[in-house]
Amino acid sequence: HPDFADGWGALSMSYSTAARHASLAEAPGLRARARAAARTALALDRHNPLAMVGLSMSRPLMGNWLQTERALRTAL
């Protein structure tokens with residue numbers, strides 16, 4: 001369903017998770033897909049927590065702890 005925000009948010013989380021385990025060459029593309037899926041989810045539901053988590057997870061872990069924690073608290 002193209003208008004199902006939770007589905008887009010979950011897809012964003014999946015791409016973000018895959019990016020963390022992908023090769024250095026593949027990770028940027030997966031992160032970009034995660035952000036695109038999250039944007040679609042947020043366009044459908046601007047408070048979609050799955051999209052918020054997907055966006056926070058799409059950032060590299062190192063150097064983004066505080067920003068990620070804030071995003072996850074907002075999603076909760």
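Me: In this predicted model, which helices are included in what covers the buried residues of H3?
Reply: Helix H3 spans residues 49-57, and its buried residues are Ala51, Met52, Val53, Gly54, Ser56 and Met57. The cover over these buried residues of H3 includes helix H1 (5-21), H2 and H4.

Me: Is Thr68 buried or exposed?
Reply: Thr68 is placed in helix H4. Its relative accessibility is 15%. Buried means under 20% relative accessible area. Thr68 therefore counts as buried.

Me: Leaving aside neighbours within four places in sequence, with which residues is Thr68 in contact?
Reply: Thr68 belongs to helix H4, and H4 is among the helices that cover the buried residues of H3. One of those buried residues is Ser56. With neighbours within four places in sequence set aside, the contacts of Thr68 are Ser56 and Arg59.

Me: Which side chains meet in a salt bridge?
Reply: The count of salt bridges comes to one. Side chains of opposite charge can pair when their charged atoms come close. Here the N to O distance is 2.9 Å, and the side chains that meet are those of Glu69 and Arg73.

Me: How many residues apart do Glu69 and Arg73 lie in helix H4?
Reply: An α-helix has 3.6 residues a turn, so residues three or four places apart point the same way. Glu69 and Arg73 both lie in helix H4, and their separation is about one turn of the helix, that is, four residues.

Me: Does Arg73 count as buried or exposed?
Reply: Its salt-bridge partner is Glu69, which counts as partly exposed at 37% relative accessibility. For Arg73 the relative accessibility is 60%. Exposed means over 50%, and Arg73 therefore counts as exposed.

Me: What is the area of the nonpolar surface patch made by Leu61, Met62 and Trp65?
Reply: Trp65 is placed in helix H4, and because its relative accessibility is 57%, this residue counts as exposed. Together with Leu61 and Met62, Trp65 makes a nonpolar surface patch of about 400 Å².

Me: Which element has the lowest mean pLDDT?
Reply: The mean pLDDT of the protein is 92, and 100% of its residues reach 70 or more. Among the elements, helix H2 (residues 27-44) has the highest mean, 97. The lowest mean, 82, belongs to helix H4.

Technical notes:
Residues are numbered from 1 along each chain as its sequence is written. This is a predicted model: local features need pLDDT of at least 70, side-chain atom pairs count only at pLDDT 80 or more; totals for chains, interfaces and linings use all residues. Side-chain values use heavy atoms; hydrogens and water are left out. pLDDT is the predictor's confidence in each residue, from 0 to 100. Helices (H or I, at least four residues) and strands (E, at least two) are DSSP runs, numbered from the N terminus. Patches are made of residues with over 30% relative accessible area and no salt bridge: like charges are joined within 9 Å, nonpolar side chains (Val, Leu, Ile, Met, Phe, Trp, Tyr) within 5 Å. Accessible areas come from the Shrake-Rupley method with a 1.4 Å probe; for residues, only the protein chains shown count as cover. A salt bridge is a side-chain nitrogen of Lys or Arg within 4 Å of a carboxyl oxygen of Asp or Glu. Buried means under 20% relative accessible area, exposed over 50%, partly exposed in between (1.4 Å probe, protein chains only). Contact means heavy atoms within 4.5 Å.
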